[in-house]
Amino acid sequence: MSRKDILNELKQIYKNIDGKRNLKNINEKSRLVHDLGMMSVSFVYMLFVIERKFNISMDNVSFSSFNTVKDVIDFIVKNTKYDITKKR
């Protein structure tokens, strides 16, 4: 799974949180609070879905751990067995 694949998965998760936002504008530089308007409740939901979708534990993760979508992708890559060097 590439970073782009993970980004697309995160876009779908975010679509369930806020179906009104244009997903094309979400990229790795998007800030969770300032650009995407994430609040604590939506953040908890996002963590729950990420745990299930990527089979990783996010028990000790706080809201301040992630500022951007890139931070979330980096965490997923670091805590999964995905080889992002492979092209798909």
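A crossing of two helices counts as right-handed if the near helix is turned clockwise from the far one by less than a right angle, and left-handed if anticlockwise. Keep that in mind while you click through this predicted model.

**Stop one: α1 and α3.** Select α1 (residues 3–17) and α3 (69–79), then look at how one runs over the other. By the rule above, α1 passes α3 in a right-handed crossing. Their axes are 10 Å apart, and the packing angle is about 115°. Now show side chains. From α1, pick R3, I6, L7 and L10; across from them in α3 you'll find V69, K70, V72, I73, D74, I76 and V77. Colour this contact by class and you get eight nonpolar residues, three charged and no polar ones.

**Stop two: α1 and α2.** What is the handedness of the crossing where α1 passes α2? Right-handed. For the contact itself, select I6, E9, L10, I13, N16 and I17 on the α1 side, and S42, Y45, M46, V49, I50, K53 and F54 on the α2 side. By class, that contact has nine nonpolar, two polar and two charged residues.

**Stop three: the cavity.** How many cavities of 30 Å³ or more does the count come to? One. About 100 Å³ of space lies in the largest cavity. To see what surrounds that space, select L10, K11, I13, Y14, I26, L32, L36, M38, M46, V69 and V72, which line the largest cavity. Two elements, α1 and α3, each give two or more residues to this lining. The biggest share comes from α1, with four residues.

**Last click.** Leave L10 selected and revisit the stops. L10 is part of the α1 contact with α3, belongs to the contact with α2 as well, and is one of the residues lining the largest cavity.

Methods:
Residues are numbered from 1 along each chain as its sequence is written. This is a predicted model: local features need pLDDT of at least 70, side-chain atom pairs count only at pLDDT 80 or more; totals for chains, interfaces and linings use all residues. Side-chain values use heavy atoms; hydrogens and water are left out. Axes are lines fitted to C-alpha atoms, for helices over the stretch in contact, and angles run from 0 to 180 degrees between N-to-C directions. Contact means heavy atoms within 4.5 Å. Ala, Val, Leu, Ile, Met, Phe, Trp, Tyr, Cys and Pro count as nonpolar, Asp, Glu, Lys and Arg as charged, and the others, Gly among them, as polar. On a 1 Å grid over the protein atoms alone, a cavity is a set of points where a 1.4 Å probe fits but cannot get out, and a pocket is an open set with protein on both sides within 12 Å along at least five of seven lines; lining residues have an atom within 4 Å of a point. Grid points are joined across faces, edges and corners, and a volume is the space filled by probe spheres set on the points.
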